[in-house]
Amino acid sequence: MNLNEKREREKETVSQMIRIYCRGKHGGRTLCDECRQLDEYARERSDKCPFTETKTFCSNCKVHCYKPDMRDKIRAVMRYSGPRIIFYYPVTAIRHIIETKREKRRGEIGKMNFKKIIYIIVGCIGVALGAIGAVLPLMPAFPFLLLASVCFCRSSERLDKWFKGTRLYKDNLESFVNGQGMTWKTKIRIMITVTVLMSIGFVMMNQVPVGRMVLAGIWVFHILYFCFGVKNYKDENNNE
């Protein structure tokens with residue numbers, strides 16, 4: 001269907017709803033002056049609508065182009081004629097329901113795909129930083145790999161399966177995710193990183209004693225958490 005056909009169908013649908021409203025509220029077989037003015041105004045708005053190609057009906061449009069008084073009138077028409085149009089114009093009603101649901105579904109799929117793309121991008125960044133952290137002793141691999149695992153789990157079953165099959169995941173994250181805890185090697189690497197980073201902040205805050213106290217408290221919490229809050233996992237293959 002081309003744009004002109006879609007625009008004409010929309011205008012006809014609005015006219016049908018106005019006729020139902022006028023017949024029920026004003027009791028005439030033909031449109032009264034007030035309803036005729038509303039019909040002409042609605043058709044004029046449809047002719048000037050720049051979103052006809054992407055929307056199915058005015059009720060789905062996020063831009064209100066009607067004047068306030070006309071907007072109130074057309075809303076009254078929609079509320080009255082919406083439940084009744086199936087009895088007067090069944091083809092129009094069914095077509096409108098199908099197209100409205102189809103548009104809503106397309107919007108939901110679009111949002112879902114966008115979220116998945118964001119999760120995948122963040123997950124890939126996490127894998128890259130985690131791989132660097134697995135090599136460099138001063139950079140933690142665990143938080144980045146955990147982030148990647150969460151992102152892949154929420155976005156792509158294929159990527160999630162691939163990631164969980166990598167050596168990077170098995171060596172650094174698998175035991176923790178399975179509830180077995182962490183090896184001492186992984187714990188020590190994280191605690192060293194936390195200590196180095198917080199030591200830098202501690203030195204830079206020589207004029208802020210309160211900041212030093214907060215950093216010290218956070219450091220103590222991290223050390224206690226990884227020493228006693230996270231279970232020790234003994235890797236039998238590496239005798240850790």
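**Close-up views of an all-helix predicted model**

**View 1. A nonpolar patch lies on the surface of the predicted model.** W184, I188, I192, V196, L197, I200 and M204 form the patch, with about 680 Å² of accessible area together. Patches are made of residues with over 30% relative accessible area and no salt bridge; like charges are joined within 9 Å, nonpolar side chains (Val, Leu, Ile, Met, Phe, Trp, Tyr) within 5 Å. Areas follow the Shrake-Rupley method with a 1.4 Å probe; for residues, only the protein chains shown count as cover. L197 sits in helix α10, residues 184–204. Its relative accessibility is 55%, so L197 counts as exposed. The classes are buried (under 20% relative accessible area), exposed (over 50%) and partly exposed (in between), with a 1.4 Å probe and protein chains only.

Numbering starts from 1 along each chain as its sequence is written, and side-chain values use heavy atoms, without hydrogens or water. The model is predicted: local features need pLDDT of at least 70 and side-chain atom pairs pLDDT 80 or more, while totals for chains, interfaces and linings use all residues.

**View 2. The protein chain has 11 helices and zero strands.** Helices (H or I, at least four residues) and strands (E, at least two) are DSSP runs, numbered from the N terminus. Of the 240 residues, 33% count as buried. The chain exposes about 15,700 Å², and carbon and sulfur atoms supply 61% of that area.

**View 3. V194 is a buried residue of helix α10.** Its relative accessible area is 14%. V194 touches W219 and H222, not counting residues up to four places away in sequence. Contact means heavy atoms within 4.5 Å. V194 and I218 are 24 residues apart in sequence and 9.6 Å apart in space, C-alpha to C-alpha.

**View 4. The largest nonpolar core has 18 residues.** I18, C35, L38, Y66, I74 and V77 have the most contacts inside this core. Helices α1 (3–26), α2 (33–48) and α3 (68–81) each supply at least two of its residues. The largest share, six residues, comes from α1. A nonpolar core is a set of buried Ala, Val, Leu, Ile, Met, Phe, Trp, Tyr and Cys residues joined through side-chain atoms within 4.5 Å. Leaving aside neighbours within four places in sequence, V77 is in contact with M17, I18, Y21, L38 and G82. Another core, of 17 residues, lies apart from it; A141, F142, I190 and I223 are among them.

**View 5. The structure holds zero disulfides.** A disulfide is a pair of cysteine sulfur atoms within 2.5 Å. C22 is in none; the nearest cysteine sulfur, that of C35, is 3.6 Å away. C22 is buried, at 1% relative accessible area. The sulfur of C124 is 9.3 Å from the closest cysteine sulfur, in C151, too far for a bond. C124 is partly exposed, at 42%.

**View 6. E12, R19, D39 and R43 are linked in a network of salt bridges.** A salt bridge is a side-chain nitrogen of Lys or Arg within 4 Å of a carboxyl oxygen of Asp or Glu. R19 and E12 meet at 3.1 Å, N to O. R43 and E12 meet at 3.4 Å, N to O. R43 lies in helix α2 and E12 in helix α1, so this pair ties together parts 31 residues apart in sequence.

**View 7. E8 forms a salt bridge with K11.** The closest N and O atoms are 2.9 Å apart. Being three residues apart in helix α1, E8 and K11 are separated by about one helical turn. E8 is partly exposed, at 44% relative accessibility, whereas K11 is buried, at 7%.
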